[in-house]
Amino acid sequence: MSVLEVTSELYAEAEFCSTETGNGNAISKFTFVYPNRRPDLDVVNGAQAGLSNGMEKRNGSVDRHSERTESIKDYEEEEYFPEEESYESDCDECVSEFSEEQEEEQEEFEETGTDDSSSNASSQSKATTKQSPIKLDKDGDAIVERPRRGAIDIEHRKSTRLDLVGLQIWRGALLLADYIMHNERKFKNSHILELGSGVGLTSIVASMYAREVICTDIDIGGLLDLIRGNLQRNAHLANPHCRTHVTELDFKVSYQDYPRELKNQLQHVQYVIAADVIYDDDITEAFVRTLVSLLLELPKLKAIYIALEKRYVFTVEDMESVAPCYDYFLRYFQKRNSRFGVNRWKLINVCMNFPRFFDYDKVKDLVLLKICHAGK
Ligand SMILES: C[S@@+](CC[C@H](N)C(=O)[O-])C[C@H]1O[C@@H](n2cnc3c(N)ncnc32)[C@H](O)[C@@H]1O
């Protein structure tokens with residue numbers, strides 16, 4: 001067992017308001033800005049609809065959670081063709097599905113995107129506010145666009161041994177949380193399985209939109225109880241219709257040996273998400289085997305999203321910077337993917353220019369991968 005002590009870089013780059021709990025853990029506030037949608041995208045019966053998250057009407061109450069019309073088609077993230085040969089891209093497909101208006105909105109996100117890690121969602125909100133003309137409601141009151149803020153309270157450790165890294169929070173968790181928030185229409189009322197959840201932050205964000213979230217990890221160092229406590233602590237943020245479950249799912253256990261109850265729950269899963277679980281080749285192999293089983297066994301699975309940091313190192317052997325864990329994952333996945341001579345699944349590099357709602361460094365080594373059936 002490793003005694004190497006590791007600390008998530010996340011703690012050094014953002015000021016989290018933390019309180020020590022006395023048992024070696026801390027409870028920290030992870031603040032975020034709710035996604036801000038332009039009200040002119042909300043059209044009901046041809047008229048402007050109620051305001052969405054982050055929008056408030058001055059001098060009057062509004063229904064902040066008003067439903068967006070289904071007439072606006074949920075748009076896919078833009079995806080691009082990456083360097084690796086084993087990848088595919090459905091960028092053209094998804095762009096052709098955009099209406100002009102949706103494309104415009106996408107471009108706006110690109111312009112105000114977060115490639116510059118010094119920017120954040122609140123400054124983007126300000127930028128968007130500046131560009132938008134003042135809108136009036138039917139009473140003549142100004143509709144003011146203000147960023148609405150929220151906070152997730154998480155009990156976690158600030159440093160651990162390598163085998164207990166799940167007790168900490170890693171950048172990938174926030175990247176994936178950002179992606180879910182930005183694509184709330186995609187995840188709304190969906191059934192989500194999170195693998196290697198750590199202390200549960202991304203599952204908590206998923207529970208804000210989903211119908212069901214199955215939050216899983218290995219039961220080590222009291223991790224599953226910590227997740228249960230964190231879900232409870234943030235229950236007020238969840239979609240009231242969302243059911244959450246916390247259960248053990250060890251990548252090293254084969255699908256056939258999962259408990260019957262878990263297998264039943266998995267039958268409904270549409271999205272699998274995982275953040276920062278690629279850092280050790282043994283775990284990576286087991287993770288890929290788990291992904292393959294889920295791709296084969298889950299009848300409703302639409303996509304798997306994996307957030308990770310490439311973590312470059314310079315090696316004398318290669319005489320250059322390489323990302324060994326990431327490369328190993330790609331090679332191992334590709335080996336399993338092409339096992340029968342054809343690629344059964346697509347691996348797509350998701351475009352990273354979605355807004356940042358949480359406070360962290362969106363470093364250039366962060367990537368978000370999407371895996372789905374080759375036919376989809
Ligand atoms: C670096 S942490 C990431 C935690 C969290 N997703 C985040 O991004 O903050 C890696 C996670 O993988 C989990 N993990 C390690 N081995 C595993 C296994 N065999 N099966 C399932 N999860 C595992 C760890 O417990 C830990 O929660």
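**A note on helix 5 and its surroundings**

1. Let's start with helix 5, which has 12 residues and spans 17 Å from its first C-alpha to its last, close to the 16 Å expected at 1.5 Å a residue. That expected span is 1.5 Å times one less than the number of residues in the helix. Helices here are DSSP runs of H or I with at least four residues, strands are runs of E with at least two, and both are numbered from the N terminus.

2. Before going on, a word about the model. This is a predicted model, in which local features need pLDDT of at least 70, side-chain atom pairs count only at pLDDT 80 or more, and totals for chains, interfaces and linings use all residues. Residues are numbered from 1 along each chain as its sequence is written.

3. Helix 5 is largely enclosed by the rest of the structure, because 11 of its 12 residues are buried. A residue is buried if 20 or more other C-beta atoms, placed from the backbone, lie within 10 Å of its own. Among the buried residues of helix 5 are Arg171, Asp178 and Tyr179, along with Leu174, Leu175 and Leu176. In the protein, 36% of the 376 residues count as buried.

4. What does helix 5 pack against? Its buried residues meet helix 1 (10-13), helix 6 (184-187), helix 7 (201-207), strand 15 (271-275), strand 16 (303-309) and strand 20 (366-373). A contact means that the C-beta atoms of two residues, placed from the backbone, lie within 7 Å.

5. Strand 16 deserves a look of its own: 6 of its 7 residues are buried. Strand 16 runs parallel to strand 15, with 5 bridges joining them, and Ile273 has Tyr305 as its bridge partner. With strand 20, strand 16 pairs in the antiparallel sense over 6 bridges; here Glu309 is partnered by Leu366. Two strands pair if DSSP finds at least two bridges between them.

6. Strand 15, helix 10 and strand 16 form a right-handed β-α-β unit. Right-handed means that, with the strands pointing away from the viewer, the path from the first strand over the helix to the second runs clockwise.

7. Now for the ligand. It is surrounded by 20 residues, and the closest are Gly166, Ala173, Gly196, Gly198 and Ala275; a residue is near if its C-beta atom, placed from the backbone, lies within 6 Å. Helix 5 (171-182) and helix 10 (281-297) each supply at least two residues of this shell.
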